[in-house]
Amino acid sequence: MDCPTARLLLLFYRPGRTSDLAQDDLSSLESHLQTCPACSASLAKQASAQAAIAKMIVDVPIPSQLKTQLHAQVTAKLSALWRAKWLARATATAAMATFGVLSYSAYLAVNRPTLDTESLTYSIETAMESPERNALDWLTAEQLMDKLPEDFDLRFVRFAGKRDLQGVSVNVLQLDSPNARQIAWVYFLAPGQFRTAKAPDSLSASNATTRIYRELPGGWTVVVTFTGNDLRPFLRSAGLTT
Ligand SMILES: [Zn+2]
């Protein structure tokens, strides 16, 4: 047997134990080892390495927090990796944003609209003089006429437009009742705009009330919040004479 073959067979050789080697190979190898100091030395080295590994496998104490520690190490490495990537991306984005802001303000300077004070003055005059007409025009334009859940007296409308409701821009009518000096806000919530399933149909505080009208045409929900506990001062039946 030559040395390269012997070294190969050595990998499967366990002295004094049942071997994976065929009997012929085993005999040839053992007689080669008796005559070849180099291969004998290689066997000795291999045996001590295997013994060391076996000892390590047996002796390694498994830390109680091993799983947690491994997880923490992996997480730390991953987040370091992400930080590096994110930083590179953020730097690029910041550079682009600086450029973008400059060009956007240049764009605005050219394209910003001219304030039309005449039309603004006229619109507030119309709103004050004919609030009902104003409200009807708005309700028609926003297609909200058939979503009015009560017979509100539109002469009391002081505002009709978009307003922020808990971070969402929604259509709203504000009514001021001159008789009772009360205010009502009528919010029109588009289908899916808010989760209202768990909200109570009516909630009263000492001097304010909120009512929810569900399943209006088109799946709309209307929320009416008003001062006091009686909605009648805002309705046409209030019988205000002008
Ligand atoms: Zn040899």
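Colleague: How many bridges join β1 to β2, and which way do the two strands run?

Modeller: Strands count as paired if at least two bridges are found between them. This is a predicted model, and in it β1 and β2 run antiparallel, joined by eight bridges.

Colleague: What is the strand order in the whole sheet?

Modeller: Six strands make an open sheet, ordered β1-β2-β3-β6-β5-β4, with antiparallel pairing. β1 and β4 (202-204) are at the edges with a single partner strand each, so one side of each has no neighbour in the sheet. On average, neighbouring strands are turned by 20 degrees against each other, ignoring direction.

Colleague: Which helix packs on the sheet, and which strands does that helix touch?

Modeller: That's α6, which touches β1 and β2, and its direction makes about 40 degrees with that of β1.

Colleague: Which residues of α6 are buried?

Modeller: The idea is to count neighbours: a residue is buried if 20 or more other C-beta atoms lie within 10 Å of its own. In α6 (residues 131-141), Pro131, Ala135 and Leu139 are buried. They span an arc of only 65 degrees around the axis, so they lie on the same side of α6. Their cover includes α5 (117-129), β1 (157-165) and β2 (168-177).

Colleague: And what does the face turned away from the buried side carry?

Modeller: There you'll find the exposed residues Thr140 and Ala141. After α6 comes Gln143, with a positive phi near 55 degrees.

Methods
Residues numbered from 1 in each chain as written. Predicted model: local features only at pLDDT ≥ 70, side-chain atom pairs only at ≥ 80, totals over all residues. Buried ≥ 20, exposed ≤ 12 C-beta atoms within 10 Å, placed from the backbone. Helix = DSSP H or I, 4+ residues; strand = E, 2+ residues; numbered from the N terminus. Arc of directions from axis to C-beta. Contact = placed C-beta atoms within 7 Å. Axes fitted to C-alpha atoms, helices over the stretch in contact; angles between N-to-C directions.
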